[in-house]
Amino acid sequence: MEKERTIFGTDELLIMSTGLVDRESYQSLYHLYQPVIGVKALALYQTLWSELKPGKMKSNYMSHSALCEMLEYSINELTDSLFRLEAIGLVRTYKTKDARLTQYVYQLRVPLAPHTFLNDGLLSSFLFYKVGEVRFKQLQGRFTIDPLPAGIVEVTKDFNEVFDVKGVNHRAFTQKNYEKPDRAKIEINYSFDMGIVKKLTNFPVGFFTKKLDETITKLAYVSQLDEETMAEMLKEYFVHEAYLPLSEQEKRDGCRQMVLQLKKKQTRHRKEKTVELEETKLGDLHDPEVMESAHPHQYVSTLRKTPQLSKSDEQLVIELVDTLGLAPGVINALFYYCIEVKKQTRLNENYVLRIATSWKTAGYTNAKEALEREETQDALIEKKQQKRENGQRTTVGSRRKNQQGDMPKWLEDEAKQQRSYDQARKKELESSVPDDAELVKLLNELKEKG
């Protein structure tokens, strides 16, 4: 722990947050925190929040002198207010120093809920000392929730008490119907030690989890990264975020984005791996054994006849490896199936993922199994479609045939009589309608009578 900290106006700062301040937090901030930390520290806390970019969890870099100008504080007043916020738990401060300048990262913390603050022995005692007994009891009354009446018991109705399930087939509700089919487990032939990565990054305890370790290992396989390169990338990408309480999904998404950005800064190790893959010539791309032995980068780029994998294809490979957990051979077979069999050269992500999910559910474990089963399935679908089309043609032809021939004589006679009557009636109606000259004459007569 530092003995003394001196902040200079030229020192830069970055502000980050761990959440949002809601109405309850504001109540706690103004009524409980403010008497302890003072108005100046509270103003600093609010100003730090206001500097966060809209919709983001961090600010731009700024100097301490700029912050002093905003608040009209001296550097000593700013330092005193900051120390008060740190001591009470509203700000956590991190410091990085290089040869040129000192930089600070201020992590804003959400205030404790009122009942939590008042139940904390140290905080409640200090608040009592600051505001006095009368005001302290008023604050307790303001944030005290009335207790529940004594001797209460639960009387909530059970599902079976309200709904009649006697006639229902109980087998529909057995757990067996909801069990997921066995999934194909991914097997990656790639030597990668997460212990080395953790040692080199030196992130806070709790950052790495079992799922995150699996994601990083899979991403290392996809991009052919060694432990040192992966650790370097993680430190650069999570330089601040590693100290925030990120969710599991946020960490995994961050790692994926980090790998996708790797193309912009090609590392020496990855260049060597890329050259190594390019030098290894593939055999027949239609052969499932080649699909099983080839790395997805090498197979898909060769299939597309391009020197490198496109960013969209690489993103698909990452999704298939990390999210769906497909084996590399099955991934290669999937690209072959979409491009060569289905003739989809420009792959739509939803289209590919829909097929991949179907393959995952079916439990395909290798390229040969996947392609053979899909070929059988496609043949069945094509046969049904052909049968449906033939049925439609037969139905339409039979209707026409019945309408044209085999009509009874009495029905033909009636039809002729009906047509003859219709023609005569039409002529009669047409003759009764006056022509233009007669119509003009009738209109003139009506005018003269009027």
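Let me start at G132, which sits just after helix α6 and takes a positive phi of about 90°; helices here are DSSP runs of H or I of at least four residues, strands are runs of E of at least two, and both are numbered from the N terminus. Please keep in mind that this is a predicted model, in which local features need pLDDT of at least 70, side-chain atom pairs count only at pLDDT 80 or more, and totals for chains, interfaces and linings use all residues. Residues are numbered from 1 along each chain as its sequence is written, and side-chain values use heavy atoms, with hydrogens and water left out.

Staying with α6, which covers residues 121-131, its buried residues are L123, S124 and L127, where buried means under 20% relative accessible area and exposed over 50%, with partly exposed in between, using a 1.4 Å probe and protein chains only. Seen down the helix axis, these buried residues fall within an arc of 95°, so they line one face of α6, the arc being that of the directions from the axis to the C-beta atoms. On the other side of α6, L122 and Y129 are exposed. At the N-terminal end, D120 caps α6, with a side-chain oxygen 3.1 Å from the backbone nitrogen of L122.

Turning to the sheet, we have four strands in an open arrangement, ordered β2-β1-β4-β3 with mixed pairing, where two strands pair if DSSP finds at least two bridges between them. Strands β1 (residues 12-17) and β4 (residues 102-108) pair in the parallel sense over six bridges, and I15 has Y106 as its bridge partner in β4.

How values were computed
A polar contact is a pair of N or O atoms within 3.5 Å; within protein, one must be able to donate a hydrogen and the other to accept it, and residues adjacent in sequence count only if both atoms are side-chain atoms.
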